[in-house]
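Please study the sequence and the structure before reading the solutions.

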Amino acid sequence: MKKFIEGIPKAELHLHIEGTFEPELMFRIAKRNDIKLNYKNIKDLKKAYNFANLQEFLDIYYMGCNVLLHEVDFYDLTWAYLLKAKEQNILHTEIMFDPQTHTERGISFDTVINGIHRALTQAETKLGVTSKLIMSILRHLPEQAAFVTLEQAAPFKEWIDVIGLDSSEIGHPPSKFKRVFQKAKEEGYLIVAHAGEEGPPDYVTEALEVLHVNRIDHGNRSLEDNDVVSDLIERKMALTICPLSNLKLKVVSDLKVHPLKEMLLKGLFVTINSDDPAYFGGYLNENYIEIQKALNLSKQDIVQIATNSFKASFLNEIEKNAMLLKLKEFTDV
Ligand code: ADE
Ligand code: ZN
């Protein structure tokens, strides 16, 4: 089963590029930029990767970002992940970045996006890994700041496909960003939002009805409300489930009680993703492998989830079919 999972062609749809920042690269870039980290060494830093909740993780995640200063830093970060994606048979990846994490520290928007974009285009030509770029809005900041970020993105509209919503969920419902997402939609962007990771099912409903999302990130807590589940099924709304993230951030107490199987059985449109793999102990294949073991998922379940990953992507129908064909060729042998 492990070999099958490692080999199966798949797409990743929920991945924060800042969450792929491995301690080794972090220390290397810190040294290059003459920045002192609050941790003596890699071992010391890794010891801090013990989170009671989402906020404890975010505090460390934002701290790690402080060493990213130059275009080449964003390029190196993104390229390291894309090499990993290639190794894991990820044909297509939809990557989030948080510009406000960097612009709030005085880094220019173009420094960030130029570095990420250069790595993404290189991956397409050199690795054959395709991508979409999702610009995520930090929900702990005011809506006005999101409007500024949307404006900064305008010259790079060709490079950005989707606007997302992430960071501290509780107390920052999707409706706080109603107007900015309405503007983003009018400008032609697709929309995603983290909802129901720690926040209540009502936040999932708001993401659907107020932000008009094209996909829900996480959505675990939807299961607490049957009406929300029926609504998601009726809309064929994809959920990007992140098992190891859920375990590390205590959204679930054990992978054995993770709701993924129940979601599949109910007919929800679920995918598996890695979220912030450098912090949560595994990339995409490790997420598939660990949840398969914990829930005793069948090969058929794995094929279903990998199929969903392409169907729930923002590729066009021709591109989706080409990747689904590669998946079929793999499963047919
Ligand atoms: N930013 C990075 N990872 C996140 C997560 N899992 N939830 C919310 N915001 C995030
Ligand atoms: Zn996330």
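Predicted model: local features only at pLDDT ≥ 70, side-chain atom pairs only at ≥ 80, totals over all residues.

Residues are numbered from 1 along each chain as its sequence is written, chains are lettered from A and ligands numbered from 1 in the order in which they are written, and side-chain values use heavy atoms, with hydrogens and water left out.

**Exercise 1. Describe the surroundings of ligand 1.**

Step 1. List the neighbours, that is, residues with a heavy atom within 4 Å. Ligand 1 is surrounded by His16, Leu54, Phe57, Leu58, Tyr61, Asp166, Ser167, His194, Glu197, His218, Asp275 and Asp276.

Step 2. Find the main contributor. Helix H4 (residues 54-65) gives the most to this shell, with four residues.

Step 3. Sort the shell by residue class. Four of its residues are nonpolar, four polar and four charged.

Step 4. Look for pairs of N or O atoms within 3.5 Å. Polar side-chain atoms of His16 and Glu197 each lie by a nitrogen atom of ligand 1, at 3.3 Å for His16 and 2.8 Å for Glu197. From Ser167 a polar backbone atom is 2.8 Å from a nitrogen atom of the ligand.

Step 5. Taken alone, ligand 1 exposes 260 Å², of which the protein buries 100%.

**Exercise 2. Characterise the largest cavity.**

Step 1. Apply the definition: on a 1 Å grid over the protein atoms alone, a cavity is a set of points where a 1.4 Å probe fits but cannot get out, and lining residues have an atom within 4 Å of a point. One cavity of 30 Å³ or more is found in the whole structure.

Step 2. State the volume and lining. The largest cavity holds about 110 Å³ of space. Of the 17 residues that line this cavity, His16, Leu54, Leu58, Ser167 and His194 are the closest to its centre.

Step 3. The largest cavity is the space taken by ligand 1.

**Exercise 3. Which residues line the largest pocket?**

Step 1. Name the lining: His117, Leu120, Thr121, Glu124, Ser131, Lys132, Leu133, Glu158, Trp159 and Asp161.

Step 2. Give the volume and main source. About 180 Å³ of space lies in this pocket, and H7 supplies the largest share of its lining, four residues.

Terms used
1 Å grid on protein atoms, 1.4 Å probe; cavity = no way out; pocket = protein on both sides within 12 Å on 5 of 7 lines; lining within 4 Å. Points joined across faces, edges and corners; volume = space filled by probe spheres on them. Helix = DSSP H or I, 4+ residues; strand = E, 2+ residues; numbered from the N terminus. Polar contact = N/O pair within 3.5 Å; in protein donor to acceptor, adjacent residues only side chain to side chain. Areas by Shrake-Rupley, 256 points an atom, 1.4 Å probe, with all protein chains shown as cover. Sits in = over half its atoms within 2 Å of the grid points. Nonpolar A, V, L, I, M, F, W, Y, C, P; charged D, E, K, R; others polar.
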